[in-house]
Amino acid sequence: MTKAELIAVLRRQPVPFDAAGVSVHLRPLTAGDRADVAAWQTEHGAERNYRIIFVRSVCDEAGVRTFADDDAEAVDSFGAEFVSAIVEKALELAGIKGKAPSTATPN
């Protein structure tokens, strides 16, 4: 297998997903995304890492991200059920087990 063939196989296509009545596409997290999530946790705290996972995962049919990293704080204004469903599916697609981090915000 050539390098180009291997890269084509390893780049996964966006996956259609319905979350809380909203249809979106999710792009599987890359190894680089996983490293960035770890860095985000260090800088912003683990309790908010769902934000970066969300903005890195939601995309259009071609796999182009819908949100930029700068949009991460806006995720808190979205419905918790929707955000949790997206993050849990993104973690599943990335081969990371477990539930999405809490999307509850303190009063």
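## A tour from helix H3

Start by selecting H3: this helix is mostly covered, with 9 of its 9 residues buried. Buried means under 20% relative accessible area, exposed over 50%, and partly exposed in between, with a 1.4 Å probe and protein chains only. The model is predicted: local features need pLDDT of at least 70, side-chain atom pairs count only at pLDDT 80 or more, and totals for chains, interfaces and linings use all residues. Residues are numbered from 1 along each chain as its sequence is written, and side-chain values use heavy atoms, leaving out hydrogens and water.

**Stay on H3.** Its buried residues are Asn49, Tyr50, Arg51, Ile52, Ile53, Phe54, Val55, Arg56 and Ser57. They pack against S2, H2, strand S3 (58–59) and H4. Helices (H or I, at least four residues) and strands (E, at least two) are DSSP runs, numbered from the N terminus.

**Zoom out.** Colour by secondary structure and find 4 helices and 3 strands. Along the sequence they follow the pattern α-β-β-α-α-β-α. The protein has 107 residues, and 37% of them count as buried.

H2 and H3 pack at an angle of about 150°, their axes 9 Å apart. That makes H2 roughly antiparallel to H3. The term covers angles over 145 degrees; under 35 counts as roughly parallel, 65 to 115 as roughly perpendicular, and the rest as oblique. Axes are lines fitted to C-alpha atoms, for helices over the stretch in contact, and angles run from 0 to 180 degrees between N-to-C directions.

**Show the side chains between them.** From H2, pick Asp33, Asp36, Val37, Trp40 and Gln41; they meet Asn49, Arg51, Ile52, Ile53 and Arg56 in H3. Contact means heavy atoms within 4.5 Å.

**Stop at Asp33.** This residue is found in helix H2. Asp33 is buried, with a relative accessible area of 6%. Leaving aside residues up to four places away in sequence, Asp33 touches Arg27, Pro28 and Arg56.

**Finish in the core.** Select Leu26, Ile53, Phe54, Phe82, Val83, Ile86 and Val87: of the 23 residues in the largest nonpolar core, these touch the most other members. Strand S1 (15–19), strand S2 (22–26), helix H2 (31–44), helix H3 (49–57) and helix H4 (80–93) each supply at least two residues of this core. H4 gives the most, with 7 residues. A nonpolar core is a set of buried Ala, Val, Leu, Ile, Met, Phe, Trp, Tyr and Cys residues joined through side-chain atoms within 4.5 Å.
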